[in-house]
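Morning, everyone. Please have the viewer open.

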Amino acid sequence: MTDVLAVADHRRGELRDVSYELITAGHALADDTGGDLHVAVVSGTVDEFAEKCNREGVNVIHTIEYGKEFDHGVYTQAIVQLADELDPQYVLLPNSVNGLDYAPAVASRLDVPIVTDAIGLENDGETLVATREMYGGKVETMTELKEPAVATLRGAEWPAAERTGDATVEAFDVDIDEDALGTTVNGFEEVASGDVDISEADVLVSVGRGIEEEDNLEIIHKLADALGATVSSSRPIVDNGWLPKNRQVGQSGKVVTPDVYIAIGISGAVQHVAGMKGSDTIVAINTDPNAPIIDIADYAIHDDLFDVVPELIELVK
Amino acid sequence: MKVLVTAKEVATVENEFEIEEMAIADRYLGADLNEWDDYAVEEAVQLKEADIAAEVVTVTIGPDDCEQTIRQALAKGADRAIRVWDDTLEEATLLDVGAKTELLAAVVEDEEPDLVLTGVQSDDDSFGATGVSLAEAVDYEWAAVVNHLEHDLKDGGASIRRELEGGVEELTDVSLPAVLTIQTGINEPRYASLRGIRQAQRKELSVQDLAALGVDESAVDSALELTAMYEPESQSDVMLWEGSPEETAGELAELLREKGVAQ
Ligand SMILES: Cc1cc2nc3c(=O)[nH]c(=O)nc-3n(C[C@H](O)[C@H](O)[C@H](O)COP(=O)(O)OP(=O)(O)OC[C@H]3O[C@@H](n4cnc5c(N)ncnc54)[C@H](O)[C@@H]3O)c2cc1C
């Protein structure tokens, strides 16, 4: 019981990046425990996914053919059956939206604890040490676990495994209890389209909760006009209905890569950063000198946006 | 039908703070209803207003102090509240997903709601796993990260949308009873009205200890042990502009000119 089992993530025929990151993390962890790294691919074109998951460090890839897309009931049953057979010490799952939809159930059925959204994992022989964030990234913590566990890993924290490996591929026969599947997925819908495509913009003036009120957005629009830039935002602005969904930058919004991204009153939560970290030059205006956005910014003004933005408008218009 | 909503009081942290013995020192902390739970409460109250839910009950794991926050949920329209607490919990430093699940599962077994709404995650420990874990423990169906719920709840099922990454939503039917973890943006949470606040004072708020719930003290033992808390080390090589707003805005204007963004 020293093995590690990692489960790939895919959607609409595409293996998602986090799958390769799980392999990197799983490889390191299996090195720590002295066990093997097993990878499971469940549903969809499993043979094609297995070929892609054949990266250095992977010992065995288990293909589980059942249905096309993610279904949490199928995933839960399949992974629990596979884990029962392999008896791994750790099961690594993605902290993606789908990961969150089955990882807790897998942990519960295997009767092991779960640690979620890990950004670091280490094992010193008997204890798993997971690094996590709390309070929206304001602090980092170490949590120790002495038992076998399920861990979900935050995306983009581990590099993607790249080099081709020599894993064996084995089909795993699952016995899915159809009567126990209580959800039916009826399809998908793209929701963030509209007149403006912020992912095409060269310059984004992006606004967050620091703006406080809808009326205050006026200065953001004025600044964007003066710069010939496009207005985008963090999630709360869209949740409040102050800007349409197609303006949201982030994990559940759009990924943007402008030349200049000006983050105004945005803390830089991980789900926001996921959408804008590829920007060429990042400027942050924030009253909190410890806001995570400052860490990834190239330039920062630690001050009140209501003082700085009007000055800036005067200077650039 | 009955709807149970988890409502957690989370700590809010000031910009500048200090860590003392693996916790943020109290003097830098405020308290608020967890953002995601606020949307869950609103969704439940809307189900009641649509005559789908007959009763909305909130459940909180937390000390006396958090009654203010629970009253907020009552003021927004929940009918009554349950607060789980006792000395064993007082001493626990970290309640992991398993511990919370056991406590909440005992409440679900008592209350037998048709629908449980939780937030996707809580703002402080951000496990994002309690809802699904709870569903599994009480043998309910579930869906995580729900950003739309059809309020007609036909034929013992609910039509929902799950918000996936990248602006894609999954359209799913879930059979009831179920636990849904609610994402922000699903609705527009109301502010408590003055009348609501007055009425909330008279609503039932029952406190249950582990014994009352029939839960063993060992349930509170967390499998996860917090061994360190620190401010993340900054690896940033950010150019921090200092000075008056005129000066810092001037620096930024200059940069934008260099980049050809402004004239
Ligand atoms: C599954 C999931 C998906 C998500 N997807 C996304 C997503 O796609 N995009 C996204 O953005 N978020 C997403 N989120 C939400 C995310 O976790 C954060 O809640 C959100 O990004 C916070 O937005 P914010 O930075 O605007 O607000 P806050 O975190 O509240 O930050 C406001 C900032 O403004 C600063 N500020 C306040 N007043 C002023 C002032 N006067 N002048 C200057 N600065 C000021 C504060 O110091 C603070 O740093 C998602 C969350 C989950 C759980």
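We start at the ligand. One thing to keep in mind: this is a predicted model. Which chains do the surrounding residues come from? They come from chains A and B, so the two chains share the site.

At A:Gln251, a polar backbone atom is 3.1 Å from a ligand oxygen. At A:Gly253, the distance from a polar backbone atom to a ligand oxygen is 3.3 Å.

How much of the ligand does the protein bury? On its own, the ligand exposes 990 Å², and the protein buries 87% of that.

Next stop: a sheet in chain A. First, some background. Strands of a sheet pair through backbone hydrogen bonds, and the pairing is either parallel or antiparallel. Which kind is found in this sheet? It is parallel. The sheet is open and has 7 strands, in the order S7-S11-S6-S1-S4-S5-S12. At the edges are S7 (114–118) and S12 (168–171) of chain A, and each pairs on one side only. From one strand to the next, the twist averages 20°.

Let's zoom in on one pair. In chain A, S1 (residues 4–7) and S4 (residues 37–42) run parallel and share 4 bridges. Take A:Ala6 as an example: its bridge partner in S4(A) is A:Val39.

Helix H3 of chain A, residues 72–86, lies across S1, S4, S5 (60–64) and S6 (90–94) of chain A. The helix runs at about 155° to S4(A).

Last stop: chain B, and two backbone details. Is the peptide bond from B:Leu176 to B:Pro177 cis or trans? It is cis, with omega near 0°. B:Pro177 sits in the loop between S11 (168–175) and S12 (178–182) of chain B.

The other detail is at B:Met22. Its phi is near 60°, a positive value in a residue that is not glycine. B:Met22 is also in a loop, between S3 (19–20) and S4 (23–24) of chain B.

Technical notes
Residues numbered from 1 in each chain as written. Chains lettered and ligands numbered in written order. Predicted model: local features only at pLDDT ≥ 70, side-chain atom pairs only at ≥ 80, totals over all residues. Heavy atoms only, no water. Near = heavy atom within 4 Å. Polar contact = N/O pair within 3.5 Å; in protein donor to acceptor, adjacent residues only side chain to side chain. Areas by Shrake-Rupley, 256 points an atom, 1.4 Å probe, with all protein chains shown as cover. Pairing = 2+ DSSP bridges. Helix = DSSP H or I, 4+ residues; strand = E, 2+ residues; numbered from the N terminus. Axes fitted to C-alpha atoms, helices over the stretch in contact; angles between N-to-C directions. Contact = heavy atoms within 4.5 Å.
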